[in-house]
Amino acid sequence: MANVAVIGAQWGDEGKGKIVDWLSERAEVVVRFQGGHNAGHTLVIGNQTYRLALLPSGVVRKGKLSIIGNGVVVDPWHFLEEVKRVTAQGLSVTPDNLKIANHAVLILPLHRDLDGWREDAPGVIKIGTTRRGIGPAYADKASRIGIRVQDVLDPKILRQKIEVALAEKNLWLERIYEVDGFELEEVWGRYAGYAERLAPFVGDVSLLVDEALRDGKRVLFEGAQATMLDLDHGTYPFVTSSNPVASGAATGTGIGPTRIDRVIGVSKAYVTRVGEGPFPSEIEGPDEARLRELGGEFGTVTGRERRCGWLDLVALRYAVRVNGITSLALTKLDVLSAFAELPVCVRYRLRDGSETPHFPAHQSDFHHARPVWDVLPGWQAPLDNVVQLEELPPAARSYVEFVSRELAVPIELIGVGAERERVLV
């Protein structure tokens, strides 16, 4: 296996964790390069279910080095709690096999509060934030007042930076939202208290990954969220605050883009999204609830119901383009086994009546786009016992081949169940 970036090709929740877990058996280093604990992976291994929000999926594989890159924003309390939780489940997570980039930015309590109050403010567009402080932390990073992981290791610098951050944020809290601000001593004391436990995990991630690559080790880069939630290329403003696209793997880790050999896009055999925003292929009627129940479409981190739609090839074609996807992993094919007919969105109909196979460049066109369907026959047979590609029902194989042909991208992996071994090659 070459050095591979695994990218969500839809609106997130595509099953990236399972694909990364499957690929990490063949990798030696797994790097998480963006996002925060606002997204998660669920991994089913034997009779154990691991729910990861911040930790790289590689932590479930013994002997793998897992890395949290500089492109991630880190809530230190959540990080330590997640390490504690998965350790209690029997995983060995130590500073020997898990590192955090020294210049990843921290999430503070004030970021969480700002996240919620902004979402609830009258007259503001609701974007469906998870209210975990991700956006405000990235905003501070861009404003150059972010507090980085390495700052926790120097009490004097930490105090100075928290004082600067509070001077601005308390004005917002008190004058705009009319709530009490944060006390410097309380915030500083809490974060200084994390230093001893965080310090062993902190490292120069760019150097670590570079050395691994130079030694010929196979490195796997995993993102959170997905293409359609990318800050630059997603359905703005209903997006996340970072870059989940493939190019983010380089900037979020500290390596050059030429060090990544392949890009695997992960897509469900249908599509879901969480939160607000346009969703052209969203299912209308009882089939949406049925698909949600069959697919277990509830948020790993939040428990929120996911909106469900039939597969959208227009959005997926766009993801292939902006990521340079070299192959696709199609997950949850088994969930579609219950349906006699399977609509697939192959084009959008725009406001002027024209049809296009390409994702609209203008936001207003996308907001008013309507799906144009091709309807494929379902197979209405369980895939529980399928272990080889040749054992798929003919209609299931035709569905996979149709998607590959429309996208002009090979489909290399097919998920046919929740367990880690339920992947067809």
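Student: Which residue is the bridge partner of Ala5 in strand 11?

Tutor: Strands of a sheet pair through backbone hydrogen bonds, either parallel or antiparallel. Here the partner of Ala5 is Val263. Two strands count as paired if DSSP finds at least two bridges between them. Strand 1 (residues 4–8) and strand 11 (residues 262–268) have 5 bridges, in the parallel sense. Helices (H or I, at least four residues) and strands (E, at least two) are DSSP runs, numbered from the N terminus.

Student: What should I know about the model and its numbering?

Tutor: Residues are numbered from 1 along each chain as its sequence is written.

Student: Where is confidence lowest, and where is it highest?

Tutor: The score, pLDDT, is the predictor's confidence in each residue, from 0 to 100. Where pLDDT is low, the predicted coordinates should not be read in detail. The chain averages 90, and 95% of the residues score at least 70. Confidence is lowest in helix 3 (residues 109–120), with a mean of 71, and highest in helix 11 (residues 313–323), at 98.

Student: In what order do the strands of the sheet lie?

Tutor: The open sheet has 10 strands in the order 9-7-5-2-10-1-11-14-18-19, with mixed pairing. Strand 9 (202–203) and strand 19 (423–424) are the edges, each pairing on one side only.

Student: How do helix 11 and helix 13 cross?

Tutor: Axes are lines fitted to C-alpha atoms, for helices over the stretch in contact, and angles run from 0 to 180 degrees between N-to-C directions. The axes of helix 11 and helix 13 (residues 394–407) come within 10 Å and cross at roughly 55 degrees. Helix 11 is therefore oblique to helix 13; angles under 35 degrees count as roughly parallel, over 145 as roughly antiparallel, 65 to 115 as roughly perpendicular and the rest as oblique.

Student: Which residues make that contact?

Tutor: Contact means heavy atoms within 4.5 Å. Helix 11 contributes Leu313, Leu316 and Arg317, and helix 13 contributes Phe402, Val403, Glu406 and Leu407.

Student: Which peptide bond is cis?

Tutor: The bond from Tyr236 to Pro237 is cis, with omega near 5 degrees. Pro237 sits in the loop between strand 10 and helix 9 (248–251).

Student: What is the phi of Arg144?

Tutor: Arg144 has a positive phi of about 65 degrees, although it is not a glycine. Arg144 belongs to the loop between helix 4 (134–142) and helix 5 (155–176).

Methods: Predicted model: local features only at pLDDT ≥ 70, side-chain atom pairs only at ≥ 80, totals over all residues. Heavy atoms only, no water.
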